[in-house]
Amino acid sequence: MAKCGLRVGETVRVSPDDITTSGGENPYLQVESLGKTREVPLPHSLHTEIQDYVGEHQTESTESIVDRSERTVSRWVNEATEECYEDTGDETWLDLSTLNLRDAWIRLLVTKGVPERNIKEISGIDTDMHPSGQLKQGW
């Protein structure tokens, strides 16, 4: 999720068939959400991890890679943040959520100079939610 900005619901639906190179060498995820399909860049390291996992677990091409519910994935993130808090004593870990991971990915794209139009396209941000045509304040 954090490495490619997927929503929890998108994360639990990703299958090996959703990975494409679109005729090039850079891998992408074909993500369907909110009635639209978009291509999300897939870091090579994550692509390799997914390929290894799929091969190791003999995942079918149409089978979900994360074969768990949205609620379970959210719980995993909450458990991880609690562990980080226990390890560090830093209370800001307790504020981290799946939405924060997506927001952090978008902020990373902004700081790397990715044009706003491209960020909207790959993140699936709906312009109706942002009538100013600008990304949320603070991104």
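Predicted model: local features only at pLDDT ≥ 70, side-chain atom pairs only at ≥ 80, totals over all residues.

Q: OK. How many helices and strands does the protein chain have?
A: There are five helices and three strands.

Q: And what pattern do they follow along the sequence?
A: Reading along the sequence, you get α-β-β-β-α-α-α-α.

Q: What share of the contacts comes from residues 24 or more positions apart?
A: Take the contacts in the protein chain with a separation of 6 or more. Residues 24 or more positions apart account for 49% of them.

Q: Let's do the sheet. In what order do the strands sit?
A: The order is β1-β2-β3. The sheet is open, and its pairing is antiparallel.

Q: Which are the edge strands?
A: β1 (19-20) and β3 (36-41). Each of these pairs on one side only.

Q: What holds strands together in general?
A: Strands of a sheet pair through backbone hydrogen bonds, and the pairing is either parallel or antiparallel.

Q: Which residue in β3 does Gln-30 stand opposite?
A: Glu-39.

Q: Now Val-31. Where is it found?
A: In strand β2.

Q: Is Val-31 buried or exposed?
A: Buried, because its relative accessible area is 4%, and the cut-off for buried is under 20%.

Q: Which residues does Val-31 touch?
A: Leaving out residues up to four places away in sequence, Val-31 touches Leu-6, Glu-10, Lys-36, Thr-37, Arg-38 and Val-40.

Q: How many residues apart in sequence are Val-31 and Ile-122?
A: They are 91 residues apart in sequence. In space they are 9.2 Å apart, C-alpha to C-alpha.

Q: Switching to helices. At what angle do α4 and α5 cross?
A: Roughly 150 degrees. Helix α4 is residues 98-111, helix α5 is residues 116-123, and their axes come within 10 Å. The angle is over 145 degrees, so α4 is roughly antiparallel to α5.

Q: Is the crossing left-handed or right-handed?
A: α4 passes α5 in a right-handed crossing.

Q: Which residues meet there?
A: From α4, Arg-102, Trp-105, Ile-106, Leu-109 and Val-110. They meet Ile-119, Ile-122 and Ser-123 in α5.

Q: What classes are in that contact between α4 and α5?
A: Six residues are nonpolar, one is polar and one is charged.

How values were computed
Residues numbered from 1 in each chain as written. Heavy atoms only, no water. Axes fitted to C-alpha atoms, helices over the stretch in contact; angles between N-to-C directions. Helix = DSSP H or I, 4+ residues; strand = E, 2+ residues; numbered from the N terminus. Parallel < 35°, antiparallel > 145°, perpendicular 65-115°, else oblique. Left-handed = near helix turned anticlockwise from the far one by under 90°. Contact = heavy atoms within 4.5 Å. Nonpolar A, V, L, I, M, F, W, Y, C, P; charged D, E, K, R; others polar. Pairing = 2+ DSSP bridges. Buried < 20%, exposed > 50% of the residue type's maximum accessible area, 1.4 Å probe, protein only.
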